[in-house]
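Thanks for coming, everyone. Let me put the structure up, and then I'll talk through a few local details.

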Amino acid sequence: MDKKKMALDCHHMGYNCAQAAIIPFCDELGFDKKEVFRMAEAFGFGMGTCGTCGAVSGMAFAMGMKNSNGNLGEGERSKGATYKLIKEAIEKFEAKNSSIICKDLKGMETGTPLRSCDGCIEDAVEIIEEMLSKM
């Protein structure tokens, strides 16, 4: 199934933006969907406070899941590279949407949304696909 469609289907079933953005990649990345769903729960609605967009948080999950060496003793070896990857992903998202902040994207203070949640999820999935294909 197309990952964008899967992500939007998840969102329309009630998954938050972070969950919807990352769940389509669980099989590819070798992670259990239920566990990832649980871990991403607090990252929806901009971490519950209209902070960083949940779809952007989903991108961060994907970069970490793919790039981390998973070894606490050697974490420094992958951490910097993972930070570089999410920085690139954020720059791509921000170039498309002018912000990574949920309340700005939703237009909560201006009354003019920059992008819908579905649009943010689609953009995040597209960026994740693009970046994972290069890793």
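This is a predicted model: local features need pLDDT of at least 70, side-chain atom pairs count only at pLDDT 80 or more; totals for chains, interfaces and linings use all residues.

Aromatics to begin. The structure holds 2 aromatic pairs. Take Tyr 15 and Phe 37. Their ring centres are 5.0 Å apart and their planes sit at 80°, so this pair is edge-to-face. Where are the two residues? Tyr 15 is in the loop between helix H1 (3-12) and helix H2 (17-22), and Phe 37 is in helix H4 (residues 33-40), so the pair ties together parts 22 residues apart in sequence. Tyr 15 has 22% relative accessibility, so it counts as partly exposed. Phe 37 is partly exposed too, at 27%.

Now Phe 43 and Phe 61. Here the ring centres are 5.2 Å apart, with the planes at 85°, so this pair is edge-to-face. The pair links distant parts of the chain: Phe 43 comes from the loop between H4 and H5, Phe 61 from helix H6, and they are 18 residues apart. Phe 43 is partly exposed, with a relative accessible area of 25%.

Is Ser 57 buried or exposed? Its relative accessibility is 7%, so Ser 57 counts as buried. It sits in helix H6, which covers residues 54-67. What does Ser 57 contact, leaving aside neighbours within four places in sequence? The answer is Ala 18, Phe 43, Met 47 and Thr 52.

On to the cysteines. How many disulfides does the structure hold? The count is 0. For Cys 10, the nearest cysteine sulfur belongs to Cys 26, 9.1 Å away. For Cys 102, the nearest is that of Cys 50, at 3.8 Å. Why is Cys 102 in no disulfide? The cut-off is 2.5 Å between sulfur atoms, and the sulfur of Cys 50 is 3.8 Å away.

Last topic: phi. Most residues other than glycine have a negative phi. Phe 45 has a positive one, about 50°, although it is not a glycine. Phe 45 is in helix H5, residues 44-50, and counts as partly exposed at 42% relative accessibility. Ser 98 also has a positive phi, about 70°, and is not a glycine. Ser 98 lies in the loop between helix H7 (75-97) and helix H8 (102-106). With 57% relative accessibility, Ser 98 counts as exposed.

That's my list. Over to you for discussion.

Terms used: Residues are numbered from 1 along each chain as its sequence is written. Side-chain values use heavy atoms; hydrogens and water are left out. Helices (H or I, at least four residues) and strands (E, at least two) are DSSP runs, numbered from the N terminus. Buried means under 20% relative accessible area, exposed over 50%, partly exposed in between (1.4 Å probe, protein chains only). Contact means heavy atoms within 4.5 Å. Rings of Phe, Tyr and Trp (its six-membered ring) pair if their centres lie within 6.5 Å; planes under 30 degrees apart count as stacked, over 60 as edge-to-face and the rest as tilted.
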